[in-house]
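User: Hi, I have a structure open and would like to go through it with you. Could you take my questions one at a time?

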Amino acid sequence: MRLKLGCFFVGVFVAALVAAALAPIVAAGPVTLSYANFPPAPTFPCVQMEQWKKEVEKRTGGKVAINTYPGGTLLGAKGMMDGVIEGQADIGCLCMAYQPGRFLITNATSLPLGIPSAKVGSLVLWEIYKKYKPKAFAKVKVLTMFTTAPANVMCKKPIRNLDDMKGTDLRASGGAARILKAWGANQVGMPMSATPESLQKGVVQGLFSSLEVMKDFKFAEICRYVTMTDTVIYPFAVVMNIDSWNALPKDVQKVMADMSVEQAKWTGDYMDDHVKEANEWSKKTHKVEFIELPKEEKAKWDKLLEPITNEWIQNAKGKGLPAEAIVEDIKAFTKKYAGQ
Ligand code: DTR
């Protein structure tokens, strides 16, 4: 009896200890994560961020709460990767074109290789990431990747041929910058988030990007002409601080990892649909003229882009990368996904 009573007290004591140890965990509620993004809330990188947040919170049954920071309120366009590595945000969304040398492999998807849509681009990019596991991402957990729809020229003046293009101040970043130079424009580099002010102030006359920005940034109010080139996509990545990732419960990690491709596809679909909607809106609301280049003219534009892929191959080879294989893979994956 005495022994039993002793055991009872020891049991109560141990239970109390365990309860005390667990109390802060239970009381702390869900794991809270910060998610930084550089452009304003209505733009597509932030729309996909909100979609991901909603799904993760739902699928983890409230175990995780994500606080989103659009508009560069936590980290800006160029500081995103390092900010996440340093833990200033748990998660961050970055446009790889803004640091072309740093993301050499994944930026190969923005070579003029004929990726026809954001959906195809996003799936191709994810395949390339998975296959080559670039060192640039060694210090983070990559949650997903996606791309824009192909880029076109938006301008204050009509651009109908290469002569119109010559010397025009146009904004673009990364691989797309090289393209504008090939066409004879005066390329000005800056992140998308800096573009509205530059257009307002007349620093640039237009820009080269996917067309959803005509609506999301209201560029159609200023740029009344679009020249259709459907040239290259811009790749994006969503990365997570490695310590924040390692601290997550395994089942939460699984929810996020399982969403990688799904999120890439969702974003691609959203982007492709949204471009169509933005084009209709631009025509209707601001009478924007969409200029289709005649066949012979388009052939001239395309010819000027031919050396670009070769240049990239030479540069990447010099850095010890299997450059030709990467380009061939991008073409093969594009064929696979465009055919579906
Ligand atoms: N085309 C790239 C990336 C881009 C396209 N749409 C948006 C919206 C918000 C931020 C970036 C982008 C660019 O020109 O920067």
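User: Which helix gives the most to the lining of the largest pocket?

Analyst: Keeping in mind that this is a predicted model, the helix that gives the most to that lining is helix 13, with four residues. Helix 4, helix 7 and helix 13 each supply at least two residues of the lining.

User: What is the volume of that pocket, and which residues are closest to its centre?

Analyst: The largest pocket holds about 270 Å³ of space. There are 14 residues lining the pocket, and those closest to its centre are L111, G175, R178, W312 and N315.

User: What does W312 touch?

Analyst: If its neighbours within four places in sequence are left aside, W312 is in contact with L104, I105, A108, L111, A323, I326 and V327. L111 therefore turns up both among these contacts and among the residues closest to the centre of the largest pocket, if we read the two lists under the contact cut-off of 4.5 Å.

User: OK, and helix 13 itself, how many residues does it have and how far does it reach?

Analyst: Helix 13 covers residues 295–318, which is 24 residues, and from its first C-alpha to its last it reaches 36 Å, close to the 34 Å expected at 1.5 Å a residue. After the helix comes G320, whose phi is positive, near 85°.

User: Which residues of helix 13 are buried, and what do they pack against?

Analyst: The buried ones are E297, W301, L305, I308, T309, W312, I313 and A316. The buried residues of this helix pack against helix 4 (104–107), helix 6 (162–165), helix 7 (175–182), strand 9 (225–228) and helix 14 (323–338).

User: Which residues touch the most other members of the largest nonpolar core?

Analyst: That core has 109 residues, and F137, W183, F208, M256 and W312 are the ones that touch the most other members. Helix 5 (residues 118–132) gives the most to this core, with nine residues.

User: F208 is on that list, so let me switch to strand 8. Which way do its residues point?

Analyst: In strand 8, which spans residues 206–209, G206 and F208 point one way while L207 and S209 point the other way, and all are buried. As a general point, side chains in a regular strand alternate between the two faces of the sheet.

User: Which strands are joined to strand 8, and do they run parallel or antiparallel?

Analyst: Strand 5 (residues 152–155) is joined to strand 8 by four bridges, and these two run antiparallel, with M154 having L207 as its bridge partner. Strand 6 (residues 169–171) is joined to strand 8 by two bridges, and this pair runs parallel, with G206 being the bridge partner of L170.

User: New topic: is V64 buried or exposed?

Analyst: V64 is buried, because its relative accessible area is 2%, and the cut-off for buried is under 20%. V64 sits in strand 2 (residues 64–69), and, not counting residues up to four places away in sequence, V64 touches P30, V31, L33, V56, E57 and V252.

User: And K181, buried or exposed?

Analyst: K181 counts as exposed, because its relative accessibility is 51% and the cut-off for exposed is over 50%.

Note on methods. Residues numbered from 1 in each chain as written. Predicted model: local features only at pLDDT ≥ 70, side-chain atom pairs only at ≥ 80, totals over all residues. Heavy atoms only, no water. Buried < 20%, exposed > 50% of the residue type's maximum accessible area, 1.4 Å probe, protein only. Pairing = 2+ DSSP bridges. Core = buried A, V, L, I, M, F, W, Y, C linked by side-chain atoms within 4.5 Å. Expected span 1.5 Å × (residues − 1). 1 Å grid on protein atoms, 1.4 Å probe; cavity = no way out; pocket = protein on both sides within 12 Å on 5 of 7 lines; lining within 4 Å. Points joined across faces, edges and corners; volume = space filled by probe spheres on them.
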